[in-house]
Amino acid sequence: MEHIAGRKSGLSWAVHFSALALVIVWVLPTLGLLVSSFRTTDQIRSSGWWAALFPAVQNETYRTADPDEARVDLGDGLYLVSGNIFVEGGVAANLDEIVREITVWGASSRAIDAYQPDEVADLGEGETLTVTARGDYEWRGTADQIEGRGARIFVTVSAPPDFTLGNYQNVLFDPSNREGMSKAFFNTLTVTIPATIIPILIAAFAAYALAWMEFPGRALLIAAVVGLLVVPLQLALIPLLKLHNDIGIGKGYLGVWLAHTGFGLPLAIYLLRNYMVGLPREVIENARVDGATEFQIFTRIILPLSFPALASFAIFQFLWTWNDLLVAMVFLIDSSGETTVMTRQLVEMMGTRGGDWEILATSAFVSIAVPLVVFFSLQRYLVRGLLAGSVK
Amino acid sequence: MSPIMQAALTILIGVGGCVGYFYLSNQILDRVLFPARGANAGRNINRANAIRPWLFLFPALFALALYLTYPVFETLRLSLTDRSLGGAFVGLENYARMTDDPKFWEALRNNFLWLLIVPAASTAFGLLAAQLTDRISWGNIAKSLIFMPMAISFVGAAVIFKLVYDARPEDVAQIGILNAVYLQLGGDSPITWLTVPFWNNIFLIIVLIWIQTGFAMVILSAALRGIPEETIEAAIVDGANPFQIFFKIKVPQIAGTIVVVWTTITIVVLKVFDIVFAMTNGQWETQVLANYMYDKLFRANDWGVGSAAAMVIMILVLPILVWNVYNARREMR
């Protein structure tokens with residue numbers, strides 16, 4: 001098309017550029033949280049997360065070792081103090097650990113960028129100081145000059161991006177951390193798996209009946225399912241909580257599993273029926289002619305053929321139950337808080353630990369990680385399900 | 001019993017129970033009630049086949065009736081009764097109390113704001129993204145990345161955007177990207193975006209647009225690909241420029257899909273709860289109906305007004321429900 005329009009290059013560049021801009025805007029928020037979860041508290045407080053992607057340039061001040069203890073007599077009345085500012089300053093444990101680099105330095109606070117690394121600074125009357133890029137210094141002079149306190153060195157340092165896994169260690173594996181996510185993670189998993197599997201099975205049978213069995217009232221039932229698709233689950237909260245209390249389930253896993261099953265069924269039946277209706281009629285009728293029972297047709301033919309639709313719905317239901325907050329708050333989480341799920345814990349942390357982004361970001365990513373993995377590995381089925389579920 | 005054991009057991013009982021129910025009920029139907037043998041074999045087969053659909057349907061119908069249909073009527077009943085009076089019928093009193101509450105009108109106003117902006121913006125961005133990514137080599141990667149927020153929970157998105165909107169005192173480095181950009185562009189002092197009435201609604205709305213755009217893009221992209229090539233070629237031959245092709249040839253042909261996307265997102269908007277609950281909890285004039293209802297039901301313990309608010313959401317959903325059912329029935333004919 002563009003070839004004919006004759007303006008390929010201009011328009012094509014505009015398309016690439018706009019698409020890139022859109023993608024960047026969409027990814028930046030998540031990227032910010034991801035990067036923050038790998039930074040220490042101090043790093044998060046001192047600069048925006050975007051700064052972490054580039055080498056950090058900072059001005060720092062150090063002092064050489066105390067001359068009265070460290071000076072070495074070179075003879076001829078000359079003395080030398082040498083060492084490494086980063087090791088002595090506690091920034092690096094030993095020389096091998098230095099990953100930062102000095103770009104410029106100075107010997108006085110009025111000219112902190114007076115010298116390049118390795119340059120020798122003349123401090124007057126033969127006193128000299130030199131600093132290498134890696135922080136090794138040599139300070140030479142007479143006994144009068146090399147005494148008292150250590151000489152001050154002003155450096156401009158470029159440090160490479162520095163990330164830590166400590167936040168994840170803390171949030172996931174530290175048993176003494178009462179706000180850790182590991183328990184909530186398992187609680188979420190406990191909610192999710194039965195709440196995904198059970199509706200599929202129930203819906204599959206119903207969908208088969210609605211797709212391939214003749215009986216009066218079928219069209220009405222299908223219409224009812226379509227209607228129930230959009231009924232807000234908000235309406236179900238109080239009546240069902242009351243019901244659960246009356247029949248003795250109360251708040252707990254059983255209640256939340258049942259609720260998710262009920263709320264997931266309309267979509268499950270709708271998706272599966274739409275898919276099953278499209279299966280080839282001959283296959284089913286041949287099986288009937290050959291004397292297969294409906295039960296056999298369903299388990300041996302329909303279920304295997306419907307795998308893509310089953311997978312689509314499974315992904316939907318998994319994402320929905322994993323990400324759910326409202327149903328868990330109403331039907332699961334009691335005052336003991338033992339059964340809290342990750343979404344609930346995140347909301348609580350936003351209240352109590354609002355400024356502690358290292359904890360908040362890491363916890364959020366722990367809860368987001370599993371859906372993201374599912375999303376990227378099974379995207380095909382998700383897209384197929386979306387298309388089957390809405391374009392009709 | 002540990003929850004994990006309980007979950008494993010539930011899966012076992014649930015799945016086993018379902019399979020067992022379907023298998024056994026079919027066996028009983030075919031072997032015991034109406035055996036396909038003897039004098040009445042033909043009649044029995046017909047009877048068994050008339051009953052069988054209901055065996056297949058029963059668990060689903062039971063769950064749908066109990067978990068979705070019954071609550072609609074029960075909520076309607078609760079909204080007309082007073083719990084403190086032992087469930088006595090009070091007519092529309094709860095609705096009257098609700099409409100006297102300024103917070104309700106604030107929630108309703110904000111919900112309409114959400115309804116106006118989110119479906120329109122998500123559909124527009126989705127259409128733009130679909131059109132842009134359809135013609136470039138790395139389009140699939142771009143699609144994946146724009147689609148990704150669909151997998152993220154509303155709460156996760158709330159945390160993500162709390163960081164974007166974060167504001168810190170003027171004299172320290174900003175860590176929220178919005179304030180950093182704002183100051184870079186010449187803003188005077190950092191703004192706590194979520195506490196500025198009216199505009200904070202927009203900042204919450206952006207979160208949902210961010211999530212829903214991927215959905216719109218996926219659906220619309222499929223629709224764009226379904227457009228017959230000939231119509232576009234004919235337009236090019238007639239000298240249409242790319243913008244005319246897009247707006248006058250492509251968009252009209254996918255109008256039906258746009259309506260579907262629009263209504264689907266509208267439903268999501270009407271039920272929006274987590275984002276507001278997690279980010280502002282309705283403070284600073286950001287209340288929405290679903291959160292208002294949650295407040296009344298579980299914080300104020302006022303079932304009457306809470307149920308009335310839920311009925312308002314139901315009434316807003318109703319036109320779309322009717323429209324969907326109407327379309328579904330028309331297609332089946």
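Trainee: Before we start, what makes a residue buried here?
Mentor: A residue is buried if 20 or more other C-beta atoms lie within 10 Å of its own. Keep in mind that this is a predicted model.

Trainee: Thanks! How much of chain B is buried, then?
Mentor: Of the 333 residues in chain B, 41% are buried.

Trainee: And what is chain B built from?
Mentor: Chain B has 14 helices and two strands.

Trainee: What does its radius of gyration look like beside that of a compact globule?
Mentor: Chain B has 27 Å, whereas a compact globule of 333 residues would come out near 20 Å. The C-alpha trace of chain B spans about 90 × 70 × 45 Å along its principal axes.

Trainee: What share of its contacts join residues at least 24 apart?
Mentor: That share is 65%, counted among contacts in chain B between residues at least 6 apart in sequence.

Trainee: Let's pick a residue. Where does B:Leu116 sit?
Mentor: B:Leu116 is in helix H4 of chain B, which covers residues 102-134.

Trainee: Why does B:Leu116 count as exposed?
Mentor: Because B:Leu116 has 12 C-beta neighbours inside 10 Å, and a residue with 12 or fewer is classed as exposed. Along the chain, B:Leu116 and B:Val269 are 153 residues apart, yet 9.8 Å separates their C-alpha atoms.

Trainee: Switching to chain A, what are its domains?
Mentor: The domain assignment gives domain 1 (11-53), domain 2 (56-159) and domain 3 (170-386). For domain 2 and domain 3 of chain A, the C-alpha centres lie 64 Å apart.

Trainee: Which strands make up the open sheet in chain A?
Mentor: Three strands, in the order S1-S8-S4, with antiparallel pairing. The edge strands are S1 (56-63) and S4 (101-106), each pairing on one side only. From one strand to the next, the twist averages 25°.

Trainee: How many bridges join S1(A) to S8?
Mentor: Eight bridges, with S8 being residues 152-159 of chain A. You can look at A:Asn59, which stands opposite A:Thr156 in S8(A).

Trainee: What about strand S6 of chain A, which face is covered?
Mentor: In S6, residues 128-131, the covered face has A:Leu129 and A:Val131, and the uncovered one has A:Thr128 and A:Thr130.

Trainee: How does S6(A) pair with strand S5?
Mentor: S5 (residues 120-122) of chain A runs antiparallel to S6(A), joined by three bridges. A:Ala121 is opposite A:Leu129 there. The hairpin of S5(A) and S6(A) has five residues between the strands, and A:Gly124 in that hairpin takes a positive phi near 95°.

Trainee: And which way do S6(A) and strand S7 pair?
Mentor: In the antiparallel sense, over four bridges, with S7 at residues 136-142 of chain A. A:Arg140 in S7(A) is the bridge partner of A:Thr128. This hairpin has four residues between S6(A) and S7(A), and A:Gly135 in the turn has a positive phi of about 105°.

Trainee: Last topic: how many residues does each chain put into the contact?
Mentor: Chain A gives 94 residues and chain B gives 96 residues. On the side of chain A that touches chain B, 72 are nonpolar, 20 polar and two charged.

Note on methods
Residues are numbered from 1 along each chain as its sequence is written. Chains are lettered from A and ligands numbered from 1 in the order in which they are written. This is a predicted model: local features need pLDDT of at least 70, side-chain atom pairs count only at pLDDT 80 or more; totals for chains, interfaces and linings use all residues. Two residues are in contact if their C-beta atoms, placed from the backbone, lie within 7 Å. Ala, Val, Leu, Ile, Met, Phe, Trp, Tyr, Cys and Pro count as nonpolar, Asp, Glu, Lys and Arg as charged, and the others, Gly among them, as polar. Domain bounds come from an automatic or database domain assignment. Two strands pair if DSSP finds at least two bridges between them. Axes are lines fitted to C-alpha atoms, for helices over the stretch in contact, and angles run from 0 to 180 degrees between N-to-C directions. The radius of gyration is taken over C-alpha atoms; the globule rule is 2.2 Å times the number of residues to the power 0.38.
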